[in-house]
Amino acid sequence: MNSPAPNVSVVIPALNREATIERAIRSATEQDCPFPFEIIVVDNGSVDRTVEKAKAFPNVIVIEESKQGVSAARNTGIRKSVGRYIALLDSDDVMLPGRLLRQYSFLEERPDIELCSSTVGLQSDLSLVYSSLAVDWSGWKVLDNSYEELLCSGGEVINTMTAFFRREAFFEVGQFDEGLFCGEDTNLWLQFAKRRNFAIYSEPLAIKNDLEDNKLTKSKFVYLDGPMVITRELAQRPKLSKRNLKQARLVGKRGVRMMMGYIWRNGLKEEYASRRDLIRSAYGDSFVAIWDLMMKTPPFVGRFLHSLKLKLRHR
C-alpha cells in the first residue's frame with residue numbers, strides 16, 4: 001500500500017553544517033502533524049560530514065550537488081518536492097513545535113494568501129532567546145500593502161527561515177534568482193507581494209542560531225547584491241504612497257552607501273559602472289554625482305577612512 005503524498009515539503013539547504021544539521025533535521029522530524037510531510041536536504045558541496053549525518057535520518061531525502069549558492073540549493077529542493085506547500089528552514093536553525101501545523105492550517109483557511117512567515121527567536125547562548133521582529137499584534141496578521149511594507153523594511157518583514165508558501169505560486173513568480181548570492185530571498189518575496197498580500201504570525205515559529213555565519217552567502221555579495229534588490233525595485237518607479245516612497249528611498253540609499261563604500265575601498269570601478277544607471281534612476285542625479293566624485297579618489301583613501309571609522313567605533 002502506497003503512502004499518501006506529502007502535503008508539505010520542508011526544504012533545508014546546507015553547506016558544511018556537520019555541527020548543526022542533525023539539530024535542524026530533528027526539529028522538523030519531531031513536528032506533530034495530522035498530515036504527511038517530507039524533508040529534503042540539499043547539500044551544496046560540503047566537504048565535512050554534513051551529508052553523512054543527514055543520510056542517517058530515515059525517510060529524509062538528501063540531494064547532493066556542487067557548490068552553487070543558496071538560491072540554487074533551495075530551487076533544487078523545491079523542484080524535487082511534491083508537497084502543495086513549501087516550508088523553508090536553514091541548516092543551522094531549528095523549528096519550534098507546532099510550526100508546520102500552524103502555517104499549514106492558516107493557508108488552508110486563507111486561499112487568498114500565498115505566503116506567510118513569523119517572528120523568530122534569536123539564540124546567542126543557551127539561556128538567551130528573544131524575538132527578532134517587534135510586532136504590535138497577537139496571532140496572524142495580513143499586512144495591507146505588503147509590497148510597500150517590504151520595500152520600507154528592506155525585506156526584514158519576512159523571516160526566510162520561517163517562510164511557508166504555496167508551491168504553485170513559487171513557480172509562477174519565478175523562483176529564487178540564482179544570479180543573486182545575497183538578497184535573493186527579499187527579491188522573491190517582493191514578487192510574491194506584487195500579486196497578493198502576505199501574513200505574519202506574531203510568535204516565533206523557529207529559533208535562529210545568531211552566532212553562526214551563513215556559509216552559503218559569500219561575504220562580498222552582502223555588499224554587492226543585497227543593497228541592489230531594493231534599488232532595482234525603486235528604479236522601476238513603483239506606485240507608492242508619498243510617505244512610503246520616502247521611507248523606501250531612505251532604506252535603499254542606506255544599502256547603496258554601504259555598497260559604495262565597499263566598491264570604493266576595493267577599487268571596483270566596473271562594479272560601480274554596471275550599477276550606476278540603476279542607482280541614478282532610483283535616487284537621482286545628485287545622489288550619483290557624489291559617488292562619481294568618490295570613485296575618482298584613490299581606493300587607499302577609502303580604506304584609510306574605513307579603518308579610522310572602525311577604530312573610533314570600538315573606542
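Buried means under 20% relative accessible area, exposed over 50%, and partly exposed in between (1.4 Å probe, protein chains only). This is a predicted model, in which local features need pLDDT of at least 70, side-chain atom pairs count only at pLDDT 80 or more, and totals for chains, interfaces and linings use all residues. Residues are numbered from 1 along each chain as its sequence is written, and side-chain values use heavy atoms, with hydrogens and water left out.

**View 1. Glutamine 175 in its loop.** Glutamine 175 sits in the loop between α6 (167-173) and α7 (184-195). Its relative accessible area is 22%, so glutamine 175 is partly exposed. Its phi is positive, about 70°, although glutamine 175 is not a glycine. Helices (H or I, at least four residues) and strands (E, at least two) are DSSP runs, numbered from the N terminus.

View 2. The loop between α2 (50-55) and β3 holds asparagine 59. Asparagine 59 counts as exposed because its relative accessibility is 77%. Phi is near 70° here, a positive value in a residue other than glycine.

**View 3. Glutamate 64 and its contacts.** Glutamate 64 belongs to strand β3 (residues 60-64). Neighbours within four places in sequence aside, glutamate 64 is in contact (heavy atoms within 4.5 Å) with Asp43, Val51 and Lys55. Serine 46 is 18 residues away along the chain, and 8.8 Å separates the two C-alpha atoms.

**View 4. Helix α10 from end to end.** Helix α10 covers residues 242-265, 24 residues in total. From first C-alpha to last, α10 reaches 34 Å, close to the 34 Å expected at 1.5 Å a residue. That expected span is 1.5 Å times one less than the number of residues. Just after α10, glycine 267 takes a positive phi of about 60°.

**View 5. The second largest pocket.** A pocket is an open set of points on a 1 Å grid over the protein atoms alone, where a 1.4 Å probe fits, with protein on both sides within 12 Å along at least five of seven lines; lining residues have an atom within 4 Å of a point. The second largest pocket is lined by 13 residues. Nearest its centre lie Arg257, Gly261, Arg265, His306 and Lys309. α10 and α13 (299-313) each supply at least two lining residues. α13 gives the most, with six.

**View 6. The whole chain for orientation.** The protein chain has 13 helices and 12 strands. Its C-alpha trace spans about 70 × 45 × 35 Å along the principal axes. Buried residues make up 51% of the 315 residues.
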